[in-house]
Amino acid sequence: MTSSSTPGLARFNTLADDEAATALHEVCASAAWGRAILSRRPYATAEALFSASDTATAALDAQDLAEAMAGHPPIGRPKPGDPTSSREQRGMAGATEELKAEMLELNLAYQERFGHVFLICATGATGEQMRDAVKSRTGNTPEQERAIVRTELGKINRIRLTRLVTEGS
């Protein structure tokens, strides 16, 4: 990740508020997170933007966190026509039908236990790693899992913000 200003960051800093809000919603579905990031524009560096994201993610209350998680499809089932979720879940693309079926069952069990989608920073993870993570995390307490979800969301937000300020998309 770059810590200097990039053309993508300059573009983001100068977007109209509604355009910037739309771009931020693609990063994180929490309206509170998006408002926090918008309120601190302009950012001198990408690192300042990432730091603001970390602060905003840490400040999300339970409802805001639920809103953020609702923007993420289950692992193994990226949103049709959504290149971001497809790219992030690439590790499941070549998974066997058996692994995909197992992930579906595990996702449902996790969702039944915690009341929300299993959230993991899937970028670079294999299908087996994601399966092992959901198996392991299903045994967590709700409090432990909320902390892990917040950490995973922060990682995802950073990856997506990096793409936003380096690709300008």
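## Cysteines and disulfides

A disulfide is a pair of cysteine sulfur atoms within 2.5 Å. By that criterion this predicted model holds zero disulfides. The sulfur of C28 has its closest cysteine sulfur in C121, at 13 Å, which is too far for a bond. For C121 the closest cysteine sulfur is in turn that of C28, again 13 Å away and too far for a bond.

Both residues lie under the 20% relative accessible area that marks a residue as buried. C28 is buried with a relative accessible area of 1%, and C121 counts as buried at 14% relative accessibility.

## Helix α2

Helix α2 spans residues 17-27, and its buried residues are A20, A23, L24 and V27. These residues sit on the same side of α2, because they cover an arc of only 100° around the axis. An α-helix has 3.6 residues a turn, so residues three or four places apart point the same way.

The cover over the buried residues of α2 includes α1 (7-14), α3 (31-39) and α10 (142-167). On the face turned away from the buried side, α2 carries the exposed residues D18, T22 and E26.

## A cis peptide bond

The peptide bond from R41 to P42 is cis, with omega near 0°. P42 is placed in the loop between α3 and α4, the latter helix being residues 46-59. Helix α3, at one end of this loop, is also among the elements that cover the buried residues of α2.

Definitions and conventions: Residues are numbered from 1 along each chain as its sequence is written. This is a predicted model: local features need pLDDT of at least 70, side-chain atom pairs count only at pLDDT 80 or more; totals for chains, interfaces and linings use all residues. Side-chain values use heavy atoms; hydrogens and water are left out. Buried means under 20% relative accessible area, exposed over 50%, partly exposed in between (1.4 Å probe, protein chains only). Helices (H or I, at least four residues) and strands (E, at least two) are DSSP runs, numbered from the N terminus. The arc is that of the directions from the helix axis to the C-beta atoms. Contact means heavy atoms within 4.5 Å.
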